[in-house]
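I opened the notebook to record how the parts of this model meet. Entries follow in the order in which I looked things up.

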Protein chains: 4
Amino acid sequence: MLNVSIVGGSGFGGGELLRILLNHPNITIKQITSQRFNRFPVTLAHPNLRGATQLKFSSVEDLEECDILFLALPNGVSQKNIEVYKKIAPKIIDLGADFRLKDEESYTTWYGTHSAPELLSEFTYGIAELHREELRTSNYVACGGCEATCSILTLYPLVKSDIVKKDSVVIDAKIGSSAAGNKSSSASHHPIRSGCLRSYKPTMHRHTAEIEQELGTELGNVHVTATAVELVRGILVTVQVFFEEDISEVDLWKLYHSAYQEEPFIRLITDKMGNYRFPEPKLLAGTNYCDIGIEKDQRSNRAVIVGAIDNLTKGTAGQAVQAMNIMHEWDERLGLEFNGLHPV
Amino acid sequence: MLNVSIVGGSGFGGGELLRILLNHPNITIKQITSQRFNRFPVTLAHPNLRGATQLKFSSVEDLEECDILFLALPNGVSQKNIEVYKKIAPKIIDLGADFRLKDEESYTTWYGTHSAPELLSEFTYGIAELHREELRTSNYVACGGCEATCSILTLYPLVKSDIVKKDSVVIDAKIGSSAAGNKSSSASHHPIRSGCLRSYKPTMHRHTAEIEQELGTELGNVHVTATAVELVRGILVTVQVFFEEDISEVDLWKLYHSAYQEEPFIRLITDKMGNYRFPEPKLLAGTNYCDIGIEKDQRSNRAVIVGAIDNLTKGTAGQAVQAMNIMHEWDERLGLEFNGLHPV
Amino acid sequence: MLNVSIVGGSGFGGGELLRILLNHPNITIKQITSQRFNRFPVTLAHPNLRGATQLKFSSVEDLEECDILFLALPNGVSQKNIEVYKKIAPKIIDLGADFRLKDEESYTTWYGTHSAPELLSEFTYGIAELHREELRTSNYVACGGCEATCSILTLYPLVKSDIVKKDSVVIDAKIGSSAAGNKSSSASHHPIRSGCLRSYKPTMHRHTAEIEQELGTELGNVHVTATAVELVRGILVTVQVFFEEDISEVDLWKLYHSAYQEEPFIRLITDKMGNYRFPEPKLLAGTNYCDIGIEKDQRSNRAVIVGAIDNLTKGTAGQAVQAMNIMHEWDERLGLEFNGLHPV
Amino acid sequence: MLNVSIVGGSGFGGGELLRILLNHPNITIKQITSQRFNRFPVTLAHPNLRGATQLKFSSVEDLEECDILFLALPNGVSQKNIEVYKKIAPKIIDLGADFRLKDEESYTTWYGTHSAPELLSEFTYGIAELHREELRTSNYVACGGCEATCSILTLYPLVKSDIVKKDSVVIDAKIGSSAAGNKSSSASHHPIRSGCLRSYKPTMHRHTAEIEQELGTELGNVHVTATAVELVRGILVTVQVFFEEDISEVDLWKLYHSAYQEEPFIRLITDKMGNYRFPEPKLLAGTNYCDIGIEKDQRSNRAVIVGAIDNLTKGTAGQAVQAMNIMHEWDERLGLEFNGLHPV
């Protein structure tokens, strides 16, 4: 049993991580910090865990040494204290944005000045499907952003294949409210946010930087648009790609099967009947799956690739646990067995 | 006061039309037909009209002559009985798909064989912003499809300007459940449809034919993808366009102002503050507005144009009443004054 | 045309009032104040009014004399400045809680110390169905609370009849999120508030005081429980009453018809078919109706009386306009003609 | 490993049961029947199980002998074929209503004529918290109705204590759409059902019979009212009780602690802070918990007791598995470990 602590554990990502780790057979939760909820039961912030744990929040100042430290902090906080965290644990898995980008200049462009740029190269980007081998030997992992994770997994087999026209890949992302975190604002006020279709980032979505980092040497600019929809958990990306030469839907499926057939958390949705012929985020709430579907346009050289995840699980905490499992050569699925509910 | 009747009045489009016409100062509703609800009060199908009318449904067999006949029928029904309807009223406004396409071949491709193709050319396509002059002298009008109407209005000023790259215009439409009509099915069953993000037409959306008809001589193929979202009324189209040469956001706004500044039902959403910086369909429920917003990508030759309507009002019944007003040289806004609710 | 100003116009009640008054034929809006949005267009707070008005918010310090002053302020604010407001306009209609209760002791119990208790008796409680005659000659009106309004109207005919058992009347209120106002908090944060069934006031709901004031001499304690549900606008009250002696459903309907048959904004929902056999708040969004339904239990001396309103319209701003119309001997329905949407 | 089959496995209850049993360590699923989906993969009806099973539906005619047979059939079907089912398995657990009532006359009153009334006495009512000892030796179990289960568990400690006034217990139940099953109708059509607060059973709810059976010797009539709310999974019951003599909230909690302290699936929600101070069904989706909260009215001899469950889990399939575990002297929690999600 390894001892694990979570820094910044009162947010949605931290709560989802705690939920997963409480069910993980190889893990003991040592501490979970929250400045706001210090000394209160974790169930005050995460009421779903009533009956599952008696843990209380600690202050970050009281953090003790542990085997693995998870960081679930607002953007910009991890980088300021990273040297402290490195002394606490030999392995760090960061759920935030601070160490995702390899290139300092890119970080500056999208987020501002980085306070520990020399460490950017020490972190492995956390998407197992792209970086499994690196993860096996990594001590520091930066999990992908939720929207980026969904987009990267949805596009990766195509980009590897080099058949897509550069410069016209369009990613239309539909995103639930939990992706904006647990801090309330007028934008998240229920009467305002309810039933909305808010074009909150038509262009310049920060996750573009990650997508381009992971896929971009083979693409030109990636064109991301993000719309907030009536949903709490979940992201759907509707990706439009145009091909240099025409390709059949069957051949597209072959590319995806070839890339993902061994992946425990990628499901290719090929159903031709029923109401769930394409990926549907609500089926994925609490699961670590990324579901992918394809429809080739019969009238043109276009295909629509659709991908879905739970932003808090595969998009954040589940991805982190999957990475942890790989780092320790455990079964990659440990703690991530929940298969989702229907109807829901 | 002109006498108006509605054929197929128990559906959502027919109900919205009745709601609007009951408030129209120049109109008396003569008959409204429903085979299923014949002789029952219209409020059984349209409970919002309780207190506003004592009307009962009639059978289509009992239709009497009137001044204007609205058809709110399932696809394929109007064309079969069009000769009958022409005898009942000198002016016909069809809310369905039967007479929208000018080209018989196009109709056959998207819908199947037409039973009155010789009449296709007699109908004016009902979007006032494109066909106002024709409408003034038309006796037969075919209103645009809801998704098509939103897409056409959102793209029209750009297409007229000839600055957009052909063949890479992508329309990602998010659509509420009322657009699928009032007939229940497993797909519309609340536990299934609730909270969904269903990619129900990634390609081959039938409204593509209309969009290409109205805009297409200047575009190549239009690439439409439609996703059902958690919403009852409303459509949002997120349109991605790429420019031949770079253009500033200010110049894009000028194009739209120039095209639409006199339009009573187009609002250009230019707010830079607040939670409603882009069009938001929920604000439009029951209104005849089409709201349009623009964001030029600073990193590329792309812009995102966002358009929103209420599918049952501007997308169906409101469009029909606007056309009727024009046909009779009345104030175009008569009956369409409702400005929408907030919060909602 | 009378000049009207609104103090505290950036909230949900103020916005709904502005929406209604902009359509009122006898009214000109002179000023609408907001400290937060001073000098900004009203459409920044009320985006549904885009295209309907060019008004900007004023500061309360700049208020000028007018014919009617509406107060749409947080609880406790009106009473502090009431002497100032009385100098600005000869007629005041308060949408808040400060002057609803006649009894200072009751106010103290439920809200705390009142700073102008001598004025409590000068205000007429604003529910027209109970106080129409008083309103005709009133200069000062305090509109009922939204939950209280719905409960009072639902129970009034029964209480007048003196057939209900005292001390066992139970009001179970289901309430949308807009009733809590436009200020965001963790309780209104979308991921938390969405899909909730929150028992936020099982007992001790403040509106109990008003209900008992208006109905209570003939009842004992009224037992109110309030649950927040997934809805933005709307209240449903499910009222359980037990009778001293058995009574038929027909006789209950007679009581309600007798009490309300002349009322323009009360609808008795007697349908025995369809999906809307009982009042349904979503049909009432934006309308001034209170819908009421009845079911007598065949097995006992119990009946269930169900009432629904839009909390922002009949429950706040619509009630205020109805009172204003009565105070000026105008048609009671002026400005309140909107009949609601379906589906929605 | 015991072999288990499910009859009627394409419905929501059958799907939830399959989900749970696939994770149960002592169980192998032998067959799951559906006439409509015979030979199709179970994931066509239960898409959440993609990746978890390769099972296909069987026809009921092809049922083979097994150790335990679960019946998840529409009301009235189990009783017609019960003799067949008894030959297939020595233990039967029925999720439907056919064998819940002990009294044939009561069954006739609420449901109509029973075709196997002689078997009513052979079935144990499935709520473990009331019938654990009987379940240990039962071969035939009839699980409680979802609304009844929630009401019974919420009221049971009070009723045992004999301090509640008879004849004025009111149960106001708020119910999600999945409780009405997977068959679509105009009532479940998304545009109609969405956002509704439908008083679908103000009186005469069938589950009243079960509640009175389980609690009723000590109560008089139980007064149930059911309202359909915007939610897929979940029931909240708001129960109003009046006491013969006044009692403190602390003493009420003692009653509940005393009754339920050993129960693995009852949680008493005593939080005085945060947004989840009372039971909230959305936290319970997929869990077997029944959460209970209490608020004593300071002004009267009333208390409000609030209970919540997931209608498909504790209200149907989870209850069935809990009963199965008890029947086999397994750990009662096997297969039912999922603790729920937040936010959701």
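How many residues of domain 1 of chain A are in contact with domain 2 of chain A, and how many of domain 2 take part? I found 8 residues of domain 1 in contact with 7 residues of domain 2. I note here that the model is predicted.

**Entry: domains of chain A**

I looked up the bounds, and the domain assignment puts domain 1 of chain A at 2-122 and domain 2 at 146-311. The centres of the two domains, taken over C-alpha atoms, are separated by 27 Å. I then asked which element gives the most to the side of domain 1 of chain A that touches domain 2. Helix α4 of chain A (residues 104-111) does, with 3 residues. Sorting that side of domain 1 by class, I got 4 nonpolar, 2 polar and 2 charged residues.

**Entry: chain C against chain D**

I counted 43 residues of chain C in contact with 43 residues of chain D. Next I listed the elements of chain C that each supply at least two residues to the side touching chain D. Among them are the strands β7 (170-175), β8 (198-201) and β9 (223-228), and also α6 (190-193). Further along chain C, β12 (290-296) and β13 (302-309) belong to that list too. The largest share comes from β10(C), with 4 residues. By class, I recorded 17 nonpolar, 16 polar and 10 charged residues on the side of chain C that touches chain D.

**Entry: chain C against chain A**

Here I found 13 residues from chain C and 13 residues from chain A in the contact. The side of chain C that touches chain A has 2 nonpolar, 10 polar and 1 charged residues. The same surface serves both copies, as 100% of the contact residues of chain C recur in chain A.

**Entry: two helices of chain B**

Last, I looked at helix α5 (residues 146-161) and helix α8 (residues 249-260) of chain B. Their axes lie 9 Å apart, and the packing angle is about 105 degrees. That makes α5(B) roughly perpendicular to α8(B). On the α5(B) side I listed Y156(B), P157(B), L158(B), K160(B) and S161(B). They meet L255(B), Y256(B), A259(B) and Y260(B) of α8(B). By class, I got 7 nonpolar, 1 polar and 1 charged residues for the contact of α5(B) with α8(B).

How values were computed:
Residues are numbered from 1 along each chain as its sequence is written. Chains are lettered from A and ligands numbered from 1 in the order in which they are written. This is a predicted model: local features need pLDDT of at least 70, side-chain atom pairs count only at pLDDT 80 or more; totals for chains, interfaces and linings use all residues. Domain bounds come from an automatic or database domain assignment. Two residues are in contact if their C-beta atoms, placed from the backbone, lie within 7 Å. Ala, Val, Leu, Ile, Met, Phe, Trp, Tyr, Cys and Pro count as nonpolar, Asp, Glu, Lys and Arg as charged, and the others, Gly among them, as polar. Axes are lines fitted to C-alpha atoms, for helices over the stretch in contact, and angles run from 0 to 180 degrees between N-to-C directions. Angles under 35 degrees count as roughly parallel, over 145 as roughly antiparallel, 65 to 115 as roughly perpendicular and the rest as oblique.
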